[in-house]
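Student: I would like to go through this structure and ask what stands behind each term. Please set the values against the cut-offs.

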Amino acid sequence: MRADYSALIRGWIVLLLATGMALGQSIGGPRNIAPAVAAPAAPTITILTSATGVLVRMRGSGNASVDLGRVSFFQGTSAPGEAVQRISKSFVISTRFALQIDCPGSFPSSSVNVTMSRSNTDATDAITIDGTILGPAPQFLVQSMRCGSISQHRLEVEVPVSTPAGSLGTFVAFVATLNR
Amino acid sequence: MRSRTFLAGLLFVFALLAEVADAQTGSGTLSITANVQSSIKLTFLTDASGMAVTGTSTSTASLPMGTVSMNSGIVPANVTKTLNGAVSFNLSTPFDILVNLANSSSTTYTLSAMLTAADVVNVWTIGPTDISSGASFALASAGVYGTAVPYTFKLTLPATAIGSVSNTITFTAVAN
């Protein structure tokens, strides 16, 4: 009875390993057990300029920056790729950017969940991406985004008229988590 | 002994599979900067008892008085015509100026008016201030933001005047 049970488990293990080895291998090609069990590398995030947005400057390894330039309640902005809309007691600067996700070592069908959060929440301005106001807690930007794909997003910065003139700066953190 | 070896191998395989199953994450950061400028806006409004301002609620407006004469005819609604004996006559109407401010700690503003082309024939006044010379004249030194302030525009024309009379007055509000 015990021998039968052991044989069943052995068979299951062999089947599991054989399936893993077979995936992604060409027929008759060299086979190696290592890729079947090695963890895929972490997903990478690249923030890109959108065709209709302001220039996104790459800062290396997933970091980027956008400068919305000089903006004001009554004069708006003259920078290309952004717009200013006045509402009663504040104005909203809007633009677009793109997000590219790559998943080295993963299957082409792999996907990620992308979350976003904001570091400095004590500021008087509000940051909104795709209609979601950012806070310190991560919130979903995209669920099940295909690896290798690019998504377009709308960024809005709302500045109250009570905010003193001067420089405004904030950081938005994106995290891509590979789905199993 | 053989079954222990097999069990150890089994645990090793599970450990590898568990590593594969761990969530892999990557991150990126977007820095956003902007330079917020303070801004001020002056708009003209039709006063409750004044003639309709063309371009009310904008920064470019006009007061078209139409065709008038000293001793006959009619004037537009809410325009007052008064005779200065047989020498001249006045056309006057109130209008409002509204100044708004954003992203500044200023609490008051200075308002000035300047006639674009000096006029030695007609007399142009805003309230009690004669601006005919074309210089810049202060109308208010501590205006309050967000409150429409009425000013009376008056044009004095000599009895000998004939033909078209027009000019432009530039109003400037500066935050104190």
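Tutor: Start with burial: a residue is buried if 20 or more other C-beta atoms lie within 10 Å of its own, and exposed if 12 or fewer do. By that rule, buried residues make up 23% of the 176 residues in chain B. Keep in mind that this is a predicted model.

Student: Why is A:Ser61 called exposed?

Tutor: A:Ser61 has 12 other C-beta atoms within 10 Å. The limit for exposed is 12 or fewer, so A:Ser61 is exposed.

Student: What makes the phi of A:Ser61 worth a remark?

Tutor: The phi of A:Ser61 is positive, about 45°, although the residue is not a glycine. A:Ser61 sits in the loop between S2 and S3 of chain A. These two strands form a hairpin with 2 residues between them.

Student: How do you know that S2(A) and S3(A) are paired?

Tutor: Pairing needs at least two bridges between the strands. S2(A), residues 56–60, and S3(A) are joined by 4 bridges and run antiparallel, so they count as paired. Within this pair, A:Met58 stands opposite A:Ala64 of S3(A).

Student: Which residue of chain B has a positive phi without being a glycine, and is that residue buried or exposed?

Tutor: B:Ser57 has a positive phi of about 75° and is not a glycine. B:Ser57 lies in the loop between strand S2 (39–46) and strand S3 (80–84) of chain B. With 11 other C-beta atoms within 10 Å, B:Ser57 is exposed, because the rule asks for 12 or fewer.

Student: What makes S3(A) and S1(B) a pair across the two chains?

Tutor: S3(A) and S1(B), residues 25–37, share 8 bridges in the parallel sense. The requirement is at least two, so the two strands pair.

Student: Why are S8(B) and S10(B) called edge strands?

Tutor: The sheet is open and has 3 strands in the order S8-S5-S10 of chain B, with antiparallel pairing. S8(B), residues 136–144, and S10(B), residues 169–175, each pair on one side only. Neighbouring strands of this sheet are turned by 20° against each other on average, direction ignored.

Student: How do you know that S5(B) and S8(B) pair?

Tutor: S5(B), residues 108–115, and S8(B) have 6 antiparallel bridges between them. At least two are needed, so they are a pair. B:Ala113 stands opposite B:Phe137 in S8(B).

Student: What is the confidence in chain B?

Tutor: The mean pLDDT of chain B is 89, and 88% of its residues reach 70 or more. Over residues 10–21 of chain B, however, the pLDDT is below 50. Where pLDDT is low, the predicted coordinates should not be read in detail. The model scores ipTM 0.78 and pTM 0.74.

Notes:
Residues are numbered from 1 along each chain as its sequence is written. Chains are lettered from A and ligands numbered from 1 in the order in which they are written. This is a predicted model: local features need pLDDT of at least 70, side-chain atom pairs count only at pLDDT 80 or more; totals for chains, interfaces and linings use all residues. Axes are lines fitted to C-alpha atoms, for helices over the stretch in contact, and angles run from 0 to 180 degrees between N-to-C directions. pLDDT is the predictor's confidence in each residue, from 0 to 100. Two residues are in contact if their C-beta atoms, placed from the backbone, lie within 7 Å.
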